[in-house]
Amino acid sequence: MTAPRPAASPRLAERPARTFDVARIREDFPILKQQVHGKPLVYLDNAATSQKPQVVIDTLVRYLTTINANVHRGIHYLSARATDEFEGARAKVRLFLNAAEDREIIFVRGATEGINLVAHSYGRQHIGPGDEVVISHMEHHSNIVPWQMLCQERSAKLRVIPINDAGELLLDEYEKLLNPRTKLVSIVHVSNSLGTVNPIEGIIAAAHSRGIPVLVDGAQAVPHMAVDVRKMGCDFYVFSGHKVFGPTGIGVVYGRAELLEAMPPYQGGGDMIRSVTFEKTTYNSLPYKFEAGTPDVSGAIGLGAAIDYVTALGLDRITAYEHELLDYGARRLAAIDGLQIIGTAKDKASILSFVLEGVHPHDIGTILDGEGIAIRTGHHCTQPLMDRFGVPATARASLAFYNTREEIDALAQGMQRVIEVLK
Amino acid sequence: MSSVDLRELYQDLIREHNSKPRNFHALEGANRKVDGYNPLCGDKLTVYLKVTSDVIQDVGIQGSGCAISRASASLMSENVKGKTVAQAEKLFKAFRAMITREPGADFDADALGDLEVFSGVSEYPARVKCATLPWHTMHAALAGKGKEISTE
Ligand SMILES: Cc1ncc(COP(=O)(O)O)c(C=O)c1O
């Protein structure tokens, strides 16, 4: 295993794409070395889940072989070490998001559980009959269904920001939706189906000027760009560890301390309490109030290692490199007869969603798989968005910083194979 | 893992029925209609049947889907038209057995006729539901179930 490169020097940052040594970076990802169906694996399903660098794998092995113990519960040596590492991971997440305090970082299972936490706790406390929650037409089901459930329970209303044919939010329409009944805006940072990067700061400013808090679903943003929750000004930010090169089963809710303090717990159990009698329970302080039960200790520590890894590579360099790769991929795909890219926003990250005239995405997926190319086909948990574009499904190639131009070429060639077989 | 031969999956007859599916229209005078749905890929399919005196007089299919599901629906419609309900059910069982068989296992090729072109689907677990959705939907229609069925 080679250690990740140190952060970019200013000179490197000026020419990020050329100085980004992908061949060397790929060495850090053992899974990428394998063959699938006799062809080199081309992994382009990073929006579903990302691959893990050796340093994350090693961190998990080291933790499980030398440290494993429960956290916050024992006075013995291992328990103290496990607790130190677990809390160390929390501090890494805080720095990663530039949150003000460690207690604003809550470990959960993933983005989905994060949104559910806010819906159950903040939502139930603040949203009542006739109130409104604003989401957008490009949300993942995990940022639709929890709000739908809450609205049903509370006789509240779900309002949806429309989008244009390029897959960009209609911001004028958004402002019109905001009114005194609006109690929360919950919006995706980067769309998993279109790649649209939403102008999140403006969206938050518009809500805040009316006193409305904003949750940002950052599941597809944190792997691709530097995120600064304080600069952004959001009230809640959620993401999943497995999409940012960490383990599955771990995710994060960032919440502003002031809001979190006033919110009731999400689940009851051990660790989230200060004292329990059968008559009354006093809740623990932040963030433990929201972390009932034994957390995913190894997952959190693995996530910490993943964050160290991408931070060392440099998020700005990652953004610049991927941007160039995305442009190249869009050009290569658009040159294919009958192929249409779905999602052509001006500001995009990582995602190439497309349809091919006369060929169902599912068949594209099978034929590309035969070439060793992993993409995702289907509705990508965004059915309302598919309906908006009038397609049942798309084929989606999603990039990470370890992908190469050669892999984009393989994808384009694979599409020629699709045409050969099916057209 | 060995290299895959996609021609095994996308045989000529499948490709041909995919580009020109038969009986793809709503059916006037149908007395059975069931919607099928594959939540995995979002494919939706409606099977219309006209069944009189225990015989499937006519079949109509509507919906969108991948090459495997379109061709499967098209060939199914040809194969069950004019059959008795019992014969169609027998074909459904033979088809399902072929598609879900263990690698290398035999299947009833004689009973299946041209439906044998789908034998390669069993090598693609992710595609089994594409091939069986039309059949499950027809099966539900024959059983007189009027509601949407799902492959899950
Ligand atoms: C934009 C977005 N939000 C939320 C999620 C849910 O993430 P998870 O399944 O890890 O909870 C995803 C995952 O695909 C996503 O892409």
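Hi everyone. What we have here is a predicted model, where local features need pLDDT of at least 70, side-chain atom pairs count only at pLDDT 80 or more, and totals for chains, interfaces and linings use all residues. Residues are numbered from 1 along each chain as its sequence is written, chains are lettered from A and ligands numbered from 1 in the order in which they are written, and side-chain values use heavy atoms, with hydrogens and water left out.

Let's start with the sheet. In chain A, 7 strands form an open sheet with mixed pairing, in the order S4-S10-S9-S8-S7-S5-S6. Helices (H or I, at least four residues) and strands (E, at least two) are DSSP runs, numbered from the N terminus, and two strands pair if DSSP finds at least two bridges between them. Which strands stand at the edges? They are S4 (105–108) and S6 (157–161) of chain A; each has a single partner strand, so one side of each is left without a neighbour in the sheet. On average, neighbouring strands are turned by 20 degrees against each other, direction ignored. Axes here are lines fitted to C-alpha atoms, for helices over the stretch in contact, and angles run from 0 to 180 degrees between N-to-C directions.

Now look inside the sheet. Strands S7 (residues 182–188) and S8 (residues 214–217) of chain A run parallel, joined by 4 bridges. In this pair, Val185(A) stands opposite Val214(A). Helix H6 (residues 111–126) of chain A lies across S4, S7, S8, S9 and S10, at about 155 degrees to S9(A); contact means heavy atoms within 4.5 Å.

On to the ligand. Around it are 13 residues, and those that come nearest are Thr112(A), Asp217(A), Gln220(A), Ser240(A) and Lys243(A); near means a heavy atom within 4 Å. Ligand oxygen atoms lie 2.7 Å from a side-chain N or O atom of Ser240(A) and 2.8 Å from one of His242(A). The protein covers 86% of the 390 Å² of accessible area that the ligand has on its own (Shrake-Rupley method, 1.4 Å probe).

Finally, two backbone spots. Most residues other than glycine have a negative phi, and most peptide bonds are trans. Phe245(A), in the loop between S9 and S10, has a positive phi of about 75 degrees. The peptide bond from Leu286(A) to Pro287(A) is cis, with omega near -5 degrees.

Note on methods: A polar contact is a pair of N or O atoms within 3.5 Å; within protein, one must be able to donate a hydrogen and the other to accept it, and residues adjacent in sequence count only if both atoms are side-chain atoms.
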